[in-house]
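Please brief me on this protein model.

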Amino acid sequence: STETTWEQPSSVPGTPKSPVKLGNCLSVLTVNGYHISGTTVHQLDSGHMNLQKNIGELQTPGAPVAPRRQSKESSLTINCVTFPHPDAMPEQQLLKPSEWSYCDYFWADKKDPQGNNTVSGFEILLQKQLKGKQMQKEMAEFVRERIKIEEEYAKNLSKLSQNSLAAQEEGTLGEAWAQLKKSLADEAEVHLKFSSKLQSEVEKPLLNFRENFKKDMKKCDHHIADLRKHLSSRYAAVEKARKALTERQKDLEMKTQQLEVKLSNKTEEEIKKARRKSTQAGDDLMRCVDLYNQAQSKWFEEMVTTTLELERLEVERVEMIRQHLCQYTQLRHETDMFNQSTVELVDQLLRKVDPARDRELWVKEHKTGDIRPVDMEI
């Protein structure tokens, strides 16, 4: 069979789709292990191409062919890139219908916030990636500040534990007080270990950027930009060839009208020459259109490859940060648990404080005698 049944998605990924019949002008593109359907094969058959009907129709890469409408063009061009006309093709087959994937939604350019210039869809994705890396760096700086606070806190706790205030308290209360001061030293050690683990298990991994990340992104940006420039030059060549064909056709029409007025061998020869030039101009236009479609197809394939890679890096970044923030919370829970353990012995000793027993022990140790004074006799 020369036909393939495709499913045309609704405007929201993951919703039910209706089957659409397309001809054999579609192929399957494999990029980074993804099998992407719906990629238009850019081929022009010069033997069947009608110049009068096809001038200005440049096929959009990755878009299924929609039925022609007699009253409207089937495509439009924006910044040298062709897109299906909204009325001729209200919806396209998404490359990844079940996801809001980068490779489906960043083909057109977008105006900047000021509305003065346009920003390419790829540039928007690139800026998001760079912003994500900056956020990751700032998170690491935030954790670094927490580490400093923990280290300073541990230092102050340790210093306070060595304070001699109330060191002469005696009895079971004195034991509880001494244990409370010791618990400060233990707590200081817990916070010191917490800060050390934060540094090794959270901060450093967040700071571990790929060394060549910015360099790789810049290289990738230049590559896509070069493909767009090449596409623009091919589009300019198409417009030039279109203009040349129009001029040749006008010249042929004018000479044909002259022939109707005055028949001469010279006029017939000029018509033949004009017809040859018109045919040559038509062939040149077909060749330029073919080269344009090839350039657009190359740009399309590279865009798919690169956007999928940026998407993979973003998913990887978010997952990595999530894991290390979970590690942060886990360390925090452990710190609370250890801090609680440092005061458990203090609680036990406080429950054993016995004023009567303390008084007995103190009296036995410090008594001066158990003979009480008596009344003086006369």
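The points below run from the whole chain down to single residues.

This is a predicted model: local features need pLDDT of at least 70, side-chain atom pairs count only at pLDDT 80 or more, and totals for chains, interfaces and linings use all residues. Residues are numbered from 1 along each chain as its sequence is written, and side-chain values use heavy atoms, with hydrogens and water left out.

**Overall**

- The protein has seven helices and eight strands. Helices (H or I, at least four residues) and strands (E, at least two) are DSSP runs, numbered from the N terminus.
- Of its 378 residues, 34% count as buried. Buried means under 20% relative accessible area, exposed over 50%, and partly exposed in between (1.4 Å probe, protein chains only).
- Take contacts between residues at least 6 apart in sequence: 67% of them join residues at least 24 apart. A contact means heavy atoms within 4.5 Å.

- Strand β5 (residues 75–78) pairs with strand β6 (residues 81–84) in the antiparallel sense, over four bridges. Two strands pair if DSSP finds at least two bridges between them.
- Ser75 has Pro84 of β6 as its bridge partner. Ile78 has Val81.
- Two residues lie between the strands.
- Asn79 has a positive phi near 50° and is not a glycine. Cys80, also not a glycine, has a positive phi of about 70°.
- Asn79 counts as partly exposed because its relative accessible area is 38%.
- In a regular strand the side chains alternate between the two faces of the sheet.
- Both faces of β6 are covered. Val81 and Phe83 are buried on one side, Thr82 and Pro84 on the other.

**Cavity**

- There is one cavity of 30 Å³ or more. A cavity is a set of points, on a 1 Å grid over the protein atoms alone, where a 1.4 Å probe fits but cannot get out.
- The largest cavity has a volume of about 30 Å³. Grid points are joined across faces, edges and corners, and a volume is the space filled by probe spheres set on the points.
- Its lining consists of Ile78, Asn79, Val81, Phe83, Trp107, Ala108, Asp109 and Arg228. Lining residues have an atom within 4 Å of a point.
- By type, the lining divides into five nonpolar, one polar and two charged residues. Ala, Val, Leu, Ile, Met, Phe, Trp, Tyr, Cys and Pro count as nonpolar, Asp, Glu, Lys and Arg as charged, and the others, Gly among them, as polar.

**Aromatic pairs**

- The structure holds six aromatic pairs. Rings of Phe, Tyr and Trp (its six-membered ring) pair if their centres lie within 6.5 Å.
- Trp107, Trp299 and Phe300 form one aromatic cluster. Trp107 is also one of the cavity-lining residues.

**Helix α6**

- Gly282 lies in helix α6 (residues 265–351).
- Why does Gly282 count as buried? Its relative accessibility is 0%.
- Gly282 and Arg242 are 40 residues apart in sequence. Their C-alpha atoms are 8.2 Å apart in space.
- Thr342 is buried, with a relative accessible area of 8%.
- Which residues does Thr342 touch, not counting those up to four places away in sequence? They are Ser183, Asp186 and Glu187.

Key: Rings of Phe, Tyr and Trp (its six-membered ring) pair if their centres lie within 6.5 Å; planes under 30 degrees apart count as stacked, over 60 as edge-to-face and the rest as tilted. On a 1 Å grid over the protein atoms alone, a cavity is a set of points where a 1.4 Å probe fits but cannot get out, and a pocket is an open set with protein on both sides within 12 Å along at least five of seven lines; lining residues have an atom within 4 Å of a point.
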